[in-house]
Amino acid sequence: MVSFLRLRKPNYVEPAIKYSSVGFESFDDQSPTSTAPRLENLGLETSNKKKNQTKRRQAKEHNGRCLDSCCWITGYLCTTWWLLLFLYHCLPFTVVHEVPELMPGARLKREGLTALHPVVLVPGIVTGGLELWEGKPCADGLFRKRLWGGGFTQIIKRPLCWVEHLSLHNETGLDPPGIRVRPVPGLFGADYSAPGYFVWDELIKNLAKIGYEGKNLHMAAYDWRLSFQNTEIRDHSLSRLKSKIELMYRANGYKKVVVVPHSMGVTYFLHFLKWVEMPPPMGGGGGPDWCAKHVKAIMNVSPAFLGVPKAVSNILSVEGKDDAYIRAMPPGVLDSGILGLQALEHIMRVSRTWDSLVSLVPKGGETIWGNMDWSPEEEHVCDFSKKRYSRLSRSDNNVNNSDVKIGFRMKDPINYGRIISFGKAASILHSSQLPTVDSKEFLPTNVSQDFNFSCGEAWTEYDEMSRESIRKTAADKAYTAKTLFDLLHFVAPKMMKRAEAHFSHGIADNLDDPKYNHYKYWSNPLETKLPDAPDMEIYCSYGVGIPTERSYVYKLSPSSSKHIPYQIDSSIDGEDGSCLKGGVYFADGDESVPVLSAGFMCAKGWRGSTRFNPSGIATYTREYRNKPPASLLERGGIKNGAHVDNVRNVALIEDILRIAAGATGEDIGGDKIYSDILRMSERVSLQL
Amino acid sequence: MSFLRRRKGTGSSKSPNFVGSKIEDGDGKKKLFESPGKKWSCWDSCCWFIGFICSMWWLLLLLYNTMPASIPQYVTEAITGPLTDSPGVKLRKEGLTVNHPVVFVPGIVTGGLELWEGHQCADGLFRKRLWGGTFGELYKRPLCWAQHMSLDNESGLDPPGIRVRPVSGLVAADYFAAGYFVWAVLIANLAQIGYEEKTMYMAAYDWRLSFQNTEVRDQTLSRMKSNIELLVATNGGKKVVVIPHSMGVLYFLHFMKWVEAPAPMGGGGGSDWCAKHIKAVMNIGGPFLGVPKSVSGLFSVEARDIAVARAFAPGFLDKDVFGLQTFQHLMRMTRTWDSTMSMIPKGGDTIWGGLDWSPEGQSFNCGAKRLRNNSINNIVQNANLNLADNVKSVNYGRIISFGKDVAEAHSSKIKRVDFQGAVNSVKLPNLTTSCDIWIEYHEIGNHRIKAVADYKVYTAGSILDLLHFVAPKLMARGGAHFSHGIADNLDDPKYQHYKYWSNPLETKLPNAPDMEIYSMYGVGIPTERAYVYKLNSGTDCSIPFQIDTSAEGGSEDSCLKGGVFSADGDETVPVLSAGFMCAKGWRGKTRFNPSGIRTYIREYSHAPPANLLEGRGTQSGAHVDIMGNFALIEDVIRVAAGATGKELGGDHVYSDIFKWAARINLQL
């Protein structure tokens, strides 16, 4: 439907103007076409004047005529609109929808595959729906209506109210008083996160083709704003997931489940694996063999195991090169002026109350992500061919590398390790020439009271900081994955304080240390052991071939009136073929998650029997090359490797179906690697 | 709303014209501009008119959308006086908060069903609602819809290649169709005292299947067990309050037996599962002993408001969606639904009355009931009439009688010919050939149909024989899943079979002395209780029996209207069926209730909505609308927040249920 609408727009523009009041997108740029006939009419009216008798009557008639013509035009447009709508509904189904033959489900069914293992889907951040259960008076009438996901109409209708209800409490990270926003349960929770934005839909459709239905397919909805342990404390989400898996295991003839987590859902499920085997007060009390008994395979899709650099830029300045991070929102809504001039501040305020964001900050420090002068990807060649680049070029105007020389090599290795650097110089110069980062500098200096108190209601923590200290953090410095935390602690003290109780980002020296029994370590693959389940299989399935944000060049905002003092220096571009574009260094990945984060654990950290994987669970790396959509009709495309669209990739769906129908990793062909992940991981010197 | 209709009307009526001469239209436009003095053509006027209406529509829509949300409420208050607080708000002010988790069990037809796998004609409907929601597909492709909604005629399960599954979660039955609430009001009020998804659970099941088959196909009972256990475990060991509605009442009865029965057939929860997990069962409008309406539904797909299915749904099925053969299509579809058989009157003549006797017959006063609906002012005037009516008692026991005179005559005067003898008589071959649609009647043959009519009168006991006679396949399937008798000896091992579990007269309640059972239902609405039938003289393809709508009672206040004898009830379930078990069958320690579970009857007298603004009313007693009854919601919330039946005030009775129950001679 949506794709059709989009197609129709160009040849059917005028009615949309009128319909805009009923909820369609408005087309400001098209308005001249509609006013033209009206003007024409006016001109005609004036020529009529001569024929009219009295001046008074003339005027009257003039008004009448103008109105008449307007009505006439609207009527004409309406009728045509209805006509087209009618025709659209009469069209045979196959004309407007994709041919079912293309679906891997149909093909595999003919091969004789049927539903065998129950499947659990774990959605990632921002892809799950949230609905209102209790709210302030401004949200009257929204009871059990979706605040997140669905039409997002409420952002437009009452933006401030919406922002208020989606925020969590700044101290506890739980509900603010008087507001209860809860995840939408069941399959409806995340399959359509917004109209026309299918996340799980395609996968579910194909699973159904080989016989899956409600009794052996479950969507583990959880409130993705909360820290993982809090979803259990507030909603019993982990207990529900446990009970659901046990039930499906029993009800389907004692078949183990296949879990398909996506994006942040991957770390959420890691957390679950630890939680479920821990003894009751903190854990689920399932006993040490729960995972071995209930889980057949974990098919991590676009996993963010080691975090994403994008999370950092999000916390710092709520910006990312392509905003893919919150892209689940309707395109452009957040950029437009709906929230007034302070849109970004509002978003920052909301997103800083979401603990889960912190779980995505890069983990493993300099060992994994590289230090000032070294990074595992440093030999990466930014030869994204034109084709592979097409996604970016659509969103980014200043791409001028239409004829990139394939195989072009950078003279200087890129310092990916410097995740944040202030100024281009800081990102290129050798570390010895840079001022060292001293965490003492970040000790809160006295807040200058007279500063920034006149600013509007949108409160961000930046308002409490002095300009001076902000400048100090910035002065020509570069931050690595380790020193980054000092910066984050400085700019978002409350958030980090809250989150620190729930997440940890280091590397464990000794995994047997009893302190690692605390839940804050459970979602970090570098600080937990995998469960004792030698028959389980872990897959890392992700897209490659899309430039993915890896590190940033920042600058201070020019005017002091801005609430967010930092911003990405988008004026900085590398030469042709360079990995630097608009202040962002790109590396290989799926647009959100760099290959390093998605693949490292399966490629090295867990491969064989390591201290992170004592029972030797088999791991498989499955990469999917990005190919741009074949036709406009299919959004995302069936061979797309991009972060969210990856769930719709045909090859991936086929793999999932085969595993669910009983195949093992060996059966589907073991590893399938296009990127340099193996070489990159070799370069990471991590004690295993 | 009226505006919308108007606009649509014009749109559809004008647009076809418009299509016809689109080119002409372009010319007209030119002409308009070239010779402005000339009068507008018809075309232009049409366009003008549509445009005008559209613009007005958008303008109003815009105004409506920009209007603060409080205005409708303000207007309502201005007209009807200040609104009373909704029960949830009121009770929150009293300090009630979440206590016991709540489980909803929806009834027949109110749960949504969605498509998971279908034939070619249903392409693109994957995971779209076939039942519930807008019923859009019903209009678009009616035959396809009927095909997908039907079950297999032999097994009562999915037909090959079709998988239609219940929608899960609260969305399954909060609204039946857009704007037609079922559970939504109750859910909203519970939410006001703090309930949310983690303390509420909607036990959605496929209501077309027989109860045990929901477990066989979907493991629905296992899910329910696991979910209740989870609710109890995650809410600090607080037992659940179960709220079944309509057929859900029987479904939950079945569940309680199932969960304690040992594993292969049951859930293996052990004999104290119910005692450990259930605090109270609050049955709303429960057809414990069946509803007479289901008989007419099965027999001829009609009733005063036509068919079991339609009794619950708004009138959309009445429309001629299926063309002229609506009834046959519907009948074919509903006859594949085993669950309808769970609502055939149970207990036979003992409960529902014999030829010359019925529990309600002597004392029920149709006139007085009508009065209660309107005003009590002229009660005195009508008192005489009522007395006169009382002299001639109604033979409710005769659930189906052929001809009005038969319905009223004394049993000794009726000549009955046994219809069973007509079995296997001549079957006319040409009967079936001319009909497109298969219904079992065409296989019966004229002789047998005549024989059925000759038997004249059927009581609850003989109804079963009749149904076996006219719908052998359906009853053969149903017989394996449901039983409608009364147990002589409940300890007989045969009662361990699941087909008895949903019949309260053939099962014992679980051993859970702390549990409470409520029977909550509306009273004060005439409810179908018995029918006057006639043979249909129409073509061979139609259904041979139909209600004799010309049969009217003598006076205004007669119980007989349009061929239907009405008794007190909630429009669908007679009081007798909803109240008897709690009033007598389970009251105290009886053989049906060995552990002495306390029972309470809560009746809600029906008062129609005072004005249109009230929607479906806050004091309604009608079968589905009662879910929005404030008094009922308050009771539910109080119990969920921890109150016991005593604290609610024990029994709350308007009808004569105790008198009627006393008249029933059932060994306890």
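The model is predicted.

Begin in chain A, at strand S16, which covers residues 584-589. Of its 6 residues, 6 are buried, so the strand is largely enclosed by the rest of the structure. Two strands pair with S16(A). One is S13(A), residues 546-556, which runs antiparallel to S16(A) over 6 bridges. Within this pairing, A:Ser551 has A:Tyr585 as its bridge partner. The other is S15(A), residues 580-581, also antiparallel to S16(A), over 2 bridges. Here A:Lys581 stands opposite A:Val584. S15(A) and S16(A) form a hairpin, with 2 residues between the strands. A:Gly582 sits in that turn and has a positive phi of about 55°.

Stay in chain A and turn to helix H12, residues 264-277. How far apart are its end C-alpha atoms? They are 21 Å apart. The 14 residues should span 20 Å at 1.5 Å a residue, so the two values agree. The expected span is 1.5 Å times one less than the number of residues. H12(A) is also covered. Because 14 of its 14 residues are buried, the helix is largely enclosed by the rest of the structure.

Is A:Asn300 buried or exposed? Its relative accessibility is 3%, so A:Asn300 counts as buried; the cut-off for buried is under 20%.

Now move to chain B. Strand S10(B), residues 398-402, is mostly covered, with 5 of its 5 residues buried. This strand has pairings in both senses. With S11(B), residues 457-459, S10(B) pairs in the antiparallel sense over 3 bridges. There, B:Arg398 stands opposite B:Thr459. With S13(B), residues 525-535, S10(B) pairs in the parallel sense over 3 bridges. In that pairing, B:Phe402 has B:Tyr533 as its bridge partner.

Which residues make the nonpolar patch of about 430 Å²? They are B:Phe52, B:Met56, B:Leu59, B:Leu60 and B:Leu63. B:Met56 lies in helix H3(B), residues 42-66. An α-helix has 3.6 residues a turn, so residues three or four places apart point the same way. B:Met56 has a relative accessible area of 32%, so it is partly exposed. Patch residues need over 30%, and B:Met56 has 32%.

Notes: Residues are numbered from 1 along each chain as its sequence is written. Chains are lettered from A and ligands numbered from 1 in the order in which they are written. This is a predicted model: local features need pLDDT of at least 70, side-chain atom pairs count only at pLDDT 80 or more; totals for chains, interfaces and linings use all residues. Side-chain values use heavy atoms; hydrogens and water are left out. Patches are made of residues with over 30% relative accessible area and no salt bridge: like charges are joined within 9 Å, nonpolar side chains (Val, Leu, Ile, Met, Phe, Trp, Tyr) within 5 Å. Accessible areas come from the Shrake-Rupley method with a 1.4 Å probe; for residues, only the protein chains shown count as cover. A salt bridge is a side-chain nitrogen of Lys or Arg within 4 Å of a carboxyl oxygen of Asp or Glu. Helices (H or I, at least four residues) and strands (E, at least two) are DSSP runs, numbered from the N terminus. Buried means under 20% relative accessible area, exposed over 50%, partly exposed in between (1.4 Å probe, protein chains only). Two strands pair if DSSP finds at least two bridges between them.
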